[in-house]
Amino acid sequence: MQKLTNPSLLLLRNEEELTGQHILVINHQRDSFLSELKQLNPQAIISAFSYDFADHLAADSIADIDSHVSHSLPALDDLDLIIYYYPKSKPEAQMMFDNIRALCSEKTRLLVVGENKGGVKSAEKQLQDKCEAHYKLDSAKHCILYEFAQLQPEANFDIASYQQTFTIKVAGQEFEAVSVPGVFNHGKLDIGTKLLLENLKLPAHGNMLDFGCGAGIIATFVLNQSPKIRFSCLDVNALALYACEQTLRLNGHQAELVLSDGLKQLTGRFDAIISNPPFHTGIKTDYDIAQGFINGATKHMSKGAQLHIVANSFLKYPPLLEARFGHCDTQIKNTKFAVYRTTLS
């Protein structure tokens, strides 16, 4: 368990505010905050929720914490305190605030905490017309803690109403994709994935995996071209898998959807693995995910299988790939992105 993050430290220095009979913590960090919250409220029911499967596993390992992972909040009754760690995506935060208001009662207090550089100050604008009172409780360590009381209830929450459908035009194909707030590059095709698809040569059949599938654009592109391929789509984010499923369905395709922390929940072997791997955790750059993916990929590759990766040009992928596979071919490289291909011999 990591040491306390700055938002968690700010919460705990206001421990008198952290009391309740049924407490829900949303978008929690992978630190000791949930354990300390339980010590402050030994008789309380404490629930945790995250869109992120790895965060869910961390919370689920803590004694007496009821952890949930999904694309929408679970139906919990009699919540008197909700603690929300503000995300880096403002549209995701707005969607979550609406989800919270569909869950809370008049007695529910909402605490919102986050880093200044992560955009937490936007919480006031997003909620000031949806509550009877709001306060800035504290600020320290470049973070702010807000309280919102007597939130206006929302009749119900349906994530489908937040879907955005947009058109993908790439490498001679045109199709519709679906996204929701909080999914990578929400509502548009990112230029890295575009470069990958323009330089992707795959067999017409076999088992294939998209690691970090996002809204399912890579899977849909490949299945449009080669519908006999058996495709698996993996992501750590439940919002991404929801969007991926909608995109595939819209285009008449099916795939195995895998919610996984890295490759840990994945089974089976593949003839090709394709990825625009993530290198951010929250608002920080984190190469561990991509490095762990490269090191673990060989366990899920058939002999002769190919690995296709697009990455920012400044990231040192060739040495990582060469160390694991013995070689690395650079398909194309520009000032922003590079596409690499390697084969398991």
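Colleague: What are the helix and strand percentages of residues 8–165, and at what distance from each other do the end C-alpha atoms of the span lie?

Modeller: The span is 25% helix and 31% strand, and its end C-alpha atoms lie 36 Å apart. Helices (H or I, at least four residues) and strands (E, at least two) are DSSP runs, numbered from the N terminus. This is a predicted model, in which local features need pLDDT of at least 70, side-chain atom pairs count only at pLDDT 80 or more, and totals for chains, interfaces and linings use all residues. Residues are numbered from 1 along each chain as its sequence is written, and side-chain values use heavy atoms, without hydrogens or water.

Colleague: Which UniProt annotation covers residues 8–165?

Modeller: An unreviewed UniProt entry annotates residues 8–165 as "domain: Methyltransferase small N-terminal". Such annotations may be inferred rather than shown by experiment.

Colleague: What describes two packed helices?

Modeller: The angle between their axes and the distance between the axes describe them. Here, helix 9 (residues 288–297) packs with helix 10 (residues 317–325) at an angle of about 25 degrees, their axes being 9 Å apart. Helix 9 is therefore roughly parallel to helix 10 (angles under 35 degrees count as roughly parallel). Helix 9 passes helix 10 in a right-handed crossing, that is, with the near helix turned clockwise from the far one by less than a right angle.

Colleague: At what angle do helix 6 and helix 7 pack?

Modeller: Helix 6 (residues 191–198) and helix 7 (residues 217–225) pack at about 20 degrees, with axes 11 Å apart. Helix 6 and helix 7 are therefore roughly parallel to each other, and their crossing is right-handed.

Technical notes:
Axes are lines fitted to C-alpha atoms, for helices over the stretch in contact, and angles run from 0 to 180 degrees between N-to-C directions. Angles under 35 degrees count as roughly parallel, over 145 as roughly antiparallel, 65 to 115 as roughly perpendicular and the rest as oblique.
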